[in-house]
Structure formats: C-alpha cells, structure tokens
Amino acid sequence: MGRETSVLDVPQHILEYLDGQPTLTLATSSRGGVPRATTLTYVNDGAIVYIWTRPDTTTARQMDENPVVSLAIDQYADDWRDTKGIQAAGEAQVVLNPTELTRVVALFEQKYPPLAGTLGGGVSFFRITPTELQFIDNAGTDTSSGGGVSYQRDVVFSVFRDLPQEEVETVAAKLQTVQIEAGDVIVRQGAPADKFFIIIDGEVEVVHEQDGATKRLATLTAGQFFGEMAILRDTPRMATVRAIGPTTLFAMERDAFRGLVAQSMGTTRDFDQVIQQRLEEIRGSHAS
C-alpha cells in the first residue's frame, strides 16, 4: 500500500474511539455460509482496520474463501445510556506488501508492547477496508417519553451512499478490492467497459482526449463511483480515469453489475438519473 494514513472521510471522534479500544469481534463466513465469530486485537490506520491471526485458523481460512466480513467494537456499560460502539462491514485482504507489513507490525507493537518481537513468521495480517461504518452513542438519549431501550446509530461512512439502498448487501458480496498506484490508468477512453468501480481511498482524475488535447473533466474521491455509464449504455469508455495518488477501489465485473441493475426497476431508474447527470456534467465540461 505504501501510504502513511487513510483518507476515508470519518469524523475525528470516531477515529479516537477506534484508537482507544483493545479488541474487536470479527464475524466471518465460509463460502458455504457457515458463520464464525472471534475476538481479536487490532490496530487501525484511520478507518482501515488490521488484525492478525495464524494462517491455519478457521477465521483465516474463511476470510480467504469469503472476504466479506463484519465487526463490532464496544464497551460494556451498566447504564445503557452510556453505551458506545462501532459496527462495520467491509472486505478483508491478506497483507502482502513488505512496506505495509512493516508499518502494521510497528502499529501492533506500539499499541500492545508485550507483542514486541513476537509477530514474526507463522502470522498472517489482514486489512479490513470498510464499506460501511456505524457509530452507536446513546449519550443524551431522551428517555422521558418511555418506549424502552433505543440504541442511537449513525452511519458515519458508507461507500454506497450514492447507490440504491435496496441493492447494498448484494452489491457488497460481488465487489473485489483493487490497489492502484499513482499515475496508473484504471480505464482508458475508447476501451470496452468491463468493470464498475467505487473509490474507497484515494483520488482519481477523469480526462477526455480529443484532437490531440487532454482536458480534465472531474476529480473523484472516496465514496464516489465511475464506470456505470458505458456498461449500462453498452458503449466504449467515454473518458480515461487515472489515479492521482495511491488508491483503493472496489471493482465489480460488467455482467454482475448489469445483472444487479436488471433485478430491480427501482435500481434502473436510480442509475438512469445518475447517468443523465453525468452526461450533463460531461457536456458542460466540453462547453466550458
């Protein structure tokens, strides 16, 4: 990965809560749907969470088979009004980059000093990139009207904020994480449209090439998506998209994306509105 900090747009008080907790509960599932929950130590780089486990554990095997995971971080409180916690869903990937591994080991040794020198061979580190993060905070909850216990949840980060909510869970199961380096071309103008992309971390530029000149149309950041117009209209790419810096993407294959859209008329209408808006933006950029 090589970057020093995550730029996922998460409020500072959420990051402080993440920094301050010792363990999380991780929920995994096999390819066949057999669930498992386990408690693990963790560190975080912004909103990106890292865990470690032995490669022969059920948890590690399930993450290899099915990278879609959920996690919970919380503290017990006698008074439910003092309850705080984090619930998140995301995708787990084993960490292979030597620079990233070195940094993650240092984070673990800093947070848990007794681990110093013990995280060598025989340990696998996993990066969990969140697709959605909710924060529970019952402080200031009004109980005067009765109605029992009510937990206050706020969605503080979601890569699906511009996508139809009806399809979120199905979409998440079909996404693959892609790491892109600065300057790499993600899609090229005129090429076939084979994938749909959501930006998880980083920044990309959208440029249009015409008559030997290149014009920047837009800059996209975490939570925004691209690639849907050419897929749904069955046309070549209208522009080139290039990473400005190290970037993490979720990618979905063309057929999977078209299948999801075809399953729901509501989804089709929502994406048609997005397409029309994008076309108007592109036309406006050409006219300026």
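Visitor: Which residue in β2 stands opposite Thr-23?

Guide: This is a predicted model, in which local features need pLDDT of at least 70 and side-chain atom pairs count only at pLDDT 80 or more, while totals for chains, interfaces and linings use all residues. Residues are numbered from 1 along each chain as its sequence is written, and side-chain values use heavy atoms, with hydrogens and water left out. Strand β1 (residues 23-29) and strand β2 (residues 35-45) run antiparallel and are joined by 7 bridges, where strands are DSSP runs of E of at least two residues, helices are runs of H or I of at least four, both numbered from the N terminus, and two strands pair if DSSP finds at least two bridges between them. Within this pairing, the residue of β2 that stands opposite Thr-23 is Thr-41.

Visitor: Which residue in the hairpin of β2 and β3 takes a positive phi near 70 degrees?

Guide: β2 is also joined to strand β3 (residues 48-53), by 4 bridges in an antiparallel arrangement, and Asn-44 has Val-49 in β3 as its bridge partner. The hairpin has 2 residues between the strands, and the residue with the positive phi is Gly-46.

Visitor: With which residue does Arg-103 form a salt bridge?

Guide: The structure holds 8 salt bridges, each being a side-chain nitrogen of Lys or Arg within 4 Å of a carboxyl oxygen of Asp or Glu. In the one formed by Arg-103 and Asp-45, the closest N and O atoms are 2.9 Å apart, and the pair links helix α3 (residues 98-111) with strand β2 across 58 residues. Arg-103 is buried at 15% relative accessible area, where buried means under 20%, exposed over 50%, and partly exposed in between (1.4 Å probe, protein chains only). Its partner, which is buried as well at 7%, is Asp-45.

Visitor: How many residues does the largest nonpolar core have?

Guide: A nonpolar core is a set of buried Ala, Val, Leu, Ile, Met, Phe, Trp, Tyr and Cys residues joined through side-chain atoms within 4.5 Å. Among those with the most contacts inside the largest core are Leu-24, Ile-73 and Ile-86, and Ile-73 touches both Leu-24 and Ile-86, contact meaning heavy atoms within 4.5 Å. The number of residues in this largest core is 26.

Visitor: With which side chain does Thr-177 make a polar contact?

Guide: Thr-177 is found in strand β8 (residues 176-180) and counts as buried, because its relative accessibility is 12%. Leaving aside neighbours within four places in sequence, its contacts include Gln-93 and Leu-249. A polar contact is a pair of N or O atoms within 3.5 Å; within protein, one must be able to donate a hydrogen and the other to accept it, and residues adjacent in sequence count only if both atoms are side-chain atoms. At 2.7 Å, the side chain that meets this description with Thr-177 is that of Glu-91.
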